[in-house]
Amino acid sequence: MKSKTSPIKGGKEPADAKKETEIKIDPITRLEGHGEIRIKLSKGKVSSVQFNVTSARFFEKFLEGRLAEDARIIAPRICGICPEPHHLASVKAVEDAWGVNPPPAAKKLRELLLLGKQISSHPLHLYVLAAPDFLLGPFAPPEARNIVTIVNKMPDAAKKAIELMKHGQELCATVGGKAVHPVTAIPGGMTKTLKEEQRDEWLKRMDRAMELAEFTYQLLLKIVQDYWDVVTKVGVIETYYAGLANNGEHNFYDGSIRVMSPSGKIEAEVPAQKYTEVVGEKVVPHCYATHIFYKKAGYPEGIWRAGPLARINVVERMATPRANEALKEFRAKVGRPCHATFAYHWARAIELLDAVGKAKKLLEDPDIVSRDYKLEKVEPREGCGVGVVEAPRGLLVHNYWTDKYGIMTKANLIVATNHNIGAIEKSLNVIAKQVIEDKIHEKLKLPKPMINA
Amino acid sequence: MAGKAKVAFVQLSSCWGCHQSLLDLHEKLLDVIPLLDIKYWVAAVDFKVYDLKKLPDGGLDAAFVEGLCRTEEDVHLLKLSREKAKALVAFGSCSSFGGVPSIANLFPKNELLERKYLKAETVIDRNTIPSENLPQITNFVPRNDQIVKADVYLPGCPPTSQEIANAVLALLSGKPVEHSIKTICDECERKKEEKNVKEFRRDFEGKPDPEKCLINQGYLCMGAGTRAGCGAQCPNANHPCKGCSGPPEGVTDQAAKLIGTFGGIADMEPQKLLDVFRDPVGQLYKFTYASSPLSKLRSVNKGEK
Amino acid sequence: MKDSKEKSEGFEPYVLGLVCNWCTYAGADMAGTSRIQYPPNLRLVRVMCTSRLDPTFVIRGLELGADGVLVSGCHPGDCHYVNGNYKTERRIHLLTKLIQQAGLEPERIRLEWISASEGSKLAEVMKDYVQVLKKIGSNPLRNSKEKHHVDDKDLFGKEVK
């Protein structure tokens, strides 16, 4: 039995409560990727929930035999929304394998590139992928729940969203050469630096971006307030959390991998090179993506989450004062660690404030226009290296092995969203029961939608 | 809704980059979107596959198909898009030529699966290859137009936002989509000198001079064998072209063409040139391997003994 | 697609010869007028200089089913156009490396320097090449051009041995 989007719409009860039925959501929408959800019901009760990721392209295998410097051109094709993290994790892995330490200016330019991506990806996620459900409400017709409706009914917010994404993408293009599949990060540094005119222009643009980020944050706060019942009651699951911390501070580009237990204890903090000590991968028969878990806790108890909520949980503080203010607000209301799945969006908005603030800080650094952006001499060698960064949706690990000519002999990749597959299935299990069995959607305190479809 | 064009944006196995490039029209999107009646767009809109199936055959004015066929579901979606659309647009290099993931054709399917599910360093147990409630993986990555006919090709990885907008507007007004017949060299503003390269270098060696032709400096720039249209974005970023928009007009085999180029301008013993190409397929067919007649050999025919 | 039966059952390799006008083509003429015997498997295409050969032609020949492609021109130093054959040499070596990486036997492309007076060398080369090709069998790409269309059997059926 196939059902429209979700039973939350009401009126689409399983036809015969005695029989076995299956609700199939095919495909899941408003995301990047391929997936289906299968909910099996037996006598009206949820008997199983499967999150089927229905595609894989096997980058890990076909990277074998490639020139190591080509990996940073190939790997971004894993994801067109977040190619920058792949580009950078790839370069870091090669540099780690070859013992190459790029000039400080290059690292700052790379961090700026990564921040540009957060500045466009987070609003993309918030406005295009997530907001329709909240602005229109969960009972709005599915065909209305999308960005086109927001453009038509809340044009001011839509324009601001587009403007903010534009700042992010164009910053990526300025620093990275192109926004989708950048090219400028290369073993040994960057292929170019910023010109002073560019830096001056971007400082102005970051001030404007901050206004837009603040607008987004306030809108998010309102949504969280309005949907407080949803945030605190729906899909709350206790999991481990993994993210980068740079001496305890939030950092997208560099840091050590921190693992936090469901009770809030920092169980481990390891450098990127030791990721195999903490990352476990479970192959699940009904999913082409694997489930990631904290190795020492085993599967499924150790299932962890990565991305904004996880990062907000594991770090002590953000990198900028405004974001730290927001973090304090967050922790005062939902604690640390926060297990509420719907709080991801709040965490995302906090990271957005931080990303803009940090980008501004980097643009103010004289190194950002330095002419010392590349080592002249870079020698390939046989080696093994790990490059880890934070992508918008989570930790990103690239582990490469190269031969003496600098040809890839092996690669192991743990990509951002992959970290969350196990947890997504776990939360779907909870939500399916809440909606189908407990009918929680009839009991939640919901606001009047901001948009009437 | 009389004047709106009915379109679908379909994603096979892909990275979403072409869609991101469409979104990167930013405020210009607000001019384009109202012209479209979007019937299917998994990335942004909640229509499901059965909504696409319910459409009458030829009911869509255009289907923009991004991505390549890596699974049964991809093949099914591709065929469905062909049925439902008057014009099928091969959206991006994956859809036009196979794209980067068609490099996987260098390996038989079982090796791809084994590396990911049985041999990866972080995988525990190492005894399962997923197959429950999942579409089968194809034996190799074909070119999409070996399965269904495409009416328009929009190559590029991704095609630029402007190229996408031009194509959408052309389709809306019933005009043909125009492509450059030239190569990247034509768009590249660097100073070009006579080519007699004595020494090639790898992309990470040295610090490229932003004014001179990259090939003159010894970098393996694929621009001479790549279709123009992107504005030479990568050379402008001080990086050699990688060939992402596929071969130029009239050329079907990008690698063979580039071999002609580099073989012609290299002033060195053959072995020295070979040493620069330690990965000919990866370097010369990076975005177009599924287009090559050679590409099924290792994935299906198991290659030479 | 690949028919190992053909290796043993009277398989006659098809050799496509892409040869230059001034040296090898003239040499082939000479073999003819001198009545030098050699296997009839060669189909010659004459170009003015082997540097006229776009590597695409070689791929095309293989795609259309030639079991071997013989590229032959003037000896290094003797090119009628001074340095054309040097370009050919680099191109053919690189092309051979490409096809080998892709899984096609490198023997399927053969580069030779045969001058106008070396009709007998052409004969020796052909005798040898036919043996080599008989040993490795027919081109697995044979029939690939006819089958431009890919169907479900190709995509999901058992892999061809």
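**Domains of chain B**

I began with chain B, which is divided into domain 1 (5-98 + 142-172) and domain 2 (184-295), the bounds coming from an automatic or database domain assignment. I note that this is a predicted model, in which local features need pLDDT of at least 70 and side-chain atom pairs count only at pLDDT 80 or more, while totals for chains, interfaces and linings use all residues. Residues are numbered from 1 along each chain as its sequence is written, and chains are lettered from A and ligands numbered from 1 in the order in which they are written.

The C-alpha centres of domain 1 of chain B and domain 2 of chain B lie 30 Å apart. I found 11 residues of domain 1 of chain B in contact with 12 residues of domain 2 of chain B, where contact means that the C-beta atoms of two residues, placed from the backbone, lie within 7 Å. On the domain 1 side of this contact, the largest share, three residues, comes from helix α5 (residues 93-97) of chain B; helices (H or I, at least four residues) and strands (E, at least two) are DSSP runs, numbered from the N terminus.

**Domains of chain A**

For chain A the assignment gives domain 1 (7-56) and domain 2 (59-377 + 409-434), with C-alpha centres 29 Å apart. Their contact takes 17 residues from domain 1 of chain A and 17 residues from domain 2 of chain A. On the domain 1 side, β2 (35-42) and β3 (45-53) of chain A each supply at least two residues, and β3(A) gives the most, with six residues.

**Contacts between chains**

Which pair of chains has the most contacts among the two pairs that touch? I found that it is chains A and B, with 74 residues of chain A in contact with 68 residues of chain B. Among the elements of chain A that each supply at least two residues to this side are β3, α6 (155-176) and β15 (408-414). By class, the side of chain A that touches chain B has 33 nonpolar, 20 polar and 21 charged residues; Ala, Val, Leu, Ile, Met, Phe, Trp, Tyr, Cys and Pro count as nonpolar, Asp, Glu, Lys and Arg as charged, and the others, Gly among them, as polar. No contact joins chain A and chain C, and their closest C-alpha atoms lie 10 Å apart.

**A sheet in chain A**

I then looked at an open sheet of three strands in chain A, in the order β13-β14-β15 with antiparallel pairing; strands pair if DSSP finds at least two bridges between them. β13 (383-391) and β15 of chain A stand at the edges with a single partner strand each, so one side of each is left without a neighbour in the sheet. β13(A) and β14 (residues 394-402) of chain A pair over nine bridges, and A:V389 stands opposite A:L396 in β14(A).

**A helix pair in chain A**

Last, I checked helix α7 (residues 196-226) and helix α11 (residues 344-364) of chain A, whose axes come within 9 Å and cross at roughly 165°; axes are lines fitted to C-alpha atoms, for helices over the stretch in contact, and angles run from 0 to 180 degrees between N-to-C directions. α7(A) and α11(A) are therefore roughly antiparallel to each other, a term used for angles over 145 degrees. The residues of their contact divide into 16 nonpolar, two polar and two charged.

Definitions and conventions:
Parallel < 35°, antiparallel > 145°, perpendicular 65-115°, else oblique.
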